[in-house]
Amino acid sequence: MIEVKNLTKYYGRELAVNDISFTVEKGQVVGFLGPNGAGKTTTVRIIACFLAPTYGTVVVKGNDIFENSMEVRRHIGYLPENTPLYSDMNVFDYLKFCVDIRKDGLKRTKRVSDVIDICGLKDVLYKDISELSKGFRQRVGLAQAMIHDPEILILDEPTVGLDPNQIVEIRNLIKNLGREKTIILCSHILPEVEATCNRVLIIHKGEIVADGTSEGLRASFEGKGRIELHLKQWPSDKIENLTAVSGIERIAETSEVEPGISKVTLELFKGADPREDIFRYCVDNNLVLLEMAREKTSLENVFRELTSREGA
């Protein structure tokens with residue numbers, strides 16, 4: 001559905017996107033991850049025909065962005081990071097205006113009614129946009145992106161600046177939309193991507209550094225495990241001797257989490273799981289074990305590993 005080929009973008013001498021290529025299939029919800037300045041927004045602006053690449057091209061449903069950009073725009077709904085809305089219009093008039101400027105032969109009443117229902121805007125229809133909360137403004141922005149019923153939605157940081165309740169609302173809305181549309185979700189908020197996306201692309205310094213499901217990426221970065229212990233009134237020599245337990249490579253960190261209770265982080269040899277032996281060691285040495293938790297590789301671990309490498 002979307003094919004990005006050798007995409008490169010310079011701003012003057014500054015290289016923002018460096019010869020990237022990827023495809024997005026129909027029905028995928030793709031999380032486009034990267035730190036600030038990685039090239040996410042530049043890439044999606046090019047796909048949405050808001051920005052021209054320096055080299056390379058994008059094809060959307062067989063339409064090249066250079067040769068047939070108007071047809072590409074008909075297939076895409078775009079919600080920028082800073083949603084551009086006419087704040088002096090009320091919600092209903094603004095959505096009617098969005099239908100009219102499209103001039104795509106849309107049935108105004110039906111499309112406005114449809115997006116009002118989908119985006120949950122019934123209670124604010126006749127309020128001026130300037131009076132709305134950030135969460136409702138995001139809903140209005142999403143409604144304008146969907147007003148022409150596009151098959152593809154590109155959402156750039158749709159939950160930035162929202163409170164926790166609003167984030168959950170927008171996240172659930174995106175999940176529901178993902179059942180019938182292809183979505184590219186740009187974000188640097190990892191839980192948001194894990195909760196809504198079935199594929200993850202990570203971009204760093206203008207280059208694609210990972211592509212796969214969150215489960216697949218976590219599995220590919222599984223390495224040395226870690227176990228965190230909370231112990232009460234521990235003798236330091238007995239803690240140091242924990243390294244004698246099979247599977248423990250070293251004590252990575254010790255710190256006091258509260259008076260009389262210390263946290264000990266153990267680094268394990270790859271594939272080892274010495275939790276049972278640790279428990280027995282604590283019992284045999286009269287150590288009061290309050291908590292033991294094994295850390296698993298998370299998408300955050302993968303993201304940090306890929307985006308902190310020098311030269312990556």
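Start by selecting Asp149: this residue is partly exposed, with a relative accessible area of 45% (buried is under 20%, exposed over 50%, partly exposed in between, using a 1.4 Å probe and protein chains only). You are looking at a predicted model, where local features need pLDDT of at least 70 and side-chain atom pairs count only at pLDDT 80 or more, while totals for chains, interfaces and linings use all residues. Numbering runs from 1 along each chain as its sequence is written, and side-chain values use heavy atoms, with hydrogens and water left out.

Asp149 sits in the loop between α5 (134-146) and β7 (152-156); helices (H or I, at least four residues) and strands (E, at least two) are DSSP runs, numbered from the N terminus. Leaving aside residues up to four places away in sequence, Asp149 touches Arg111 and Lys181 (contact means heavy atoms within 4.5 Å). Show the side chains of Asp149 and Lys181 to see their polar contact at 3.0 Å. That term covers a pair of N or O atoms within 3.5 Å; within protein, one must be able to donate a hydrogen and the other to accept it, and residues adjacent in sequence count only if both atoms are side-chain atoms.

Next, pick Glu151, which is partly exposed at 29% relative accessibility. The side chains of Glu151 and Lys61 form a salt bridge, 2.9 Å from N to O (a side-chain nitrogen of Lys or Arg within 4 Å of a carboxyl oxygen of Asp or Glu). Lys61 is in the loop between β4 and β5 and Glu151 in the loop between α5 and β7, so the pair ties together parts 90 residues apart in sequence.

Stay on Lys61: in the hairpin of β4 and β5, with two residues between the strands, Lys61 takes a positive phi near 50°.

Now widen the view to the open sheet of four strands, ordered β2-β1-β4-β5 with antiparallel pairing (two strands pair if DSSP finds at least two bridges between them). β2 (14-24) and β5 are at the edges with a single partner strand each, so one side of each has no neighbour in the sheet. Further in, β1 (residues 2-11) and β4 (residues 55-60) pair over five bridges, and Thr8 stands opposite Tyr55 in β4.

Last stop: select Arg226, Arg250, Glu267 and Glu295, which are linked in a network of salt bridges. From Asp149, where you began, the C-alpha distance to Glu295 is 43 Å.
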